[in-house]
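The sequence and structure come first, and the notes follow by topic.

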Amino acid sequence: MSDKPELHSSIVAMVSLAAGIASRHPDMGLCQLEKLRAAGVPEHQIATVVEIARHIRDEAAQKLDAAFNEKSKLEMPQPAPRKNQGLPELKVETAGSCCTPTASGQSCC
């Protein structure tokens, strides 16, 4: 057995929930969500984890798409403007900070 203390089960569940969301895992982290609620983790903390995970997932997808478009030299049609659903469009940066903050200003770094 290791001399290192184990992570608290709620931390493990939060990390797993975030990883599942960011990776688009088909189980969607619902098991971890139940564990967090059963452990009494406040809903606003769970919501923050979900927001950050979704932001990282969406930012990664946009960066991959931008890199593909640049390397492929394809002329991609611009999507039709969508009605704003309360979420700002992510800005893809190729250098500088490790990530951009979420819509509510949460840091993901």
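E43 is partly exposed, with a relative accessible area of 43%; partly exposed lies between buried, under 20% relative accessible area, and exposed, over 50%, with a 1.4 Å probe and protein chains only. The side chain of E43 meets that of R37 in a salt bridge, at 2.8 Å from N to O.

The model is predicted: local features need pLDDT of at least 70, side-chain atom pairs count only at pLDDT 80 or more, and totals for chains, interfaces and linings use all residues. Residues are numbered from 1 along each chain as its sequence is written, and side-chain values use heavy atoms, with hydrogens and water left out.

**Overall fold**

- The protein chain has 3 helices and 0 strands, where helices (H or I, at least four residues) and strands (E, at least two) are DSSP runs numbered from the N terminus.
- Along the sequence the pattern reads α-α-α.
- Of the 109 residues in the protein chain, 21% are buried.
- Taking contacts between residues at least 6 apart in sequence, 66% join residues at least 24 apart; a contact means heavy atoms within 4.5 Å.
- The protein chain has an accessible surface of about 8800 Å², and carbon and sulfur atoms hold 58% of that surface. Accessible areas come from the Shrake-Rupley method with a 1.4 Å probe, and for residues only the protein chains shown count as cover.

**Helix α1 and the residues beside it**

- Helix α1 has 14 residues and reaches 20 Å from its first C-alpha to its last, close to the 20 Å expected at 1.5 Å a residue. The expected span is 1.5 Å times one less than the number of residues in the helix.
- S10, A13, L17, G20 and I21 are the buried residues of α1. Viewed down the axis of α1, these buried residues fall within an arc of 95°, so they line one face of the helix; the arc is that of the directions from the helix axis to the C-beta atoms.
- An α-helix has 3.6 residues a turn, so residues three or four places apart point the same way.
- The packing partners of the buried residues of α1 are α2 (30–38) and α3 (43–72).
- A nonpolar surface patch consists of L7, I11, V12 and V15, which together have about 360 Å² of accessible area. Patches are made of residues with over 30% relative accessible area and no salt bridge, with like charges joined within 9 Å and nonpolar side chains (Val, Leu, Ile, Met, Phe, Trp, Tyr) within 5 Å.

**Helix α3**

- The 30 residues of α3 should span 44 Å at 1.5 Å a residue, and the end C-alpha atoms are 43 Å apart, which agrees.
- The buried residues of α3 are I46, V49, V50, I52, A53, H55, R57 and E59, and they pack against α1 and α2.

- In the pair formed by E43 and R37, R37 is partly exposed, with a relative accessible area of 45%.
- R57 pairs with D58, and the closest N and O atoms are 3.0 Å apart.
- R57 is found in helix α3 and is buried, with a relative accessible area of 19%, whereas D58 is partly exposed at 29%.
- Not counting residues up to four places away in sequence, R57 touches I21, A22 and R24.

**Positive phi after helices**

- Most residues other than glycine have a negative phi, and most peptide bonds are trans.
- R24 lies in the loop between α1 and α2 and counts as exposed at 55% relative accessibility.
- K73 also has a positive phi of about 60° although it is not a glycine. K73 is placed in the segment after α3 and counts as exposed at 68% relative accessibility.

Methods: A salt bridge is a side-chain nitrogen of Lys or Arg within 4 Å of a carboxyl oxygen of Asp or Glu.
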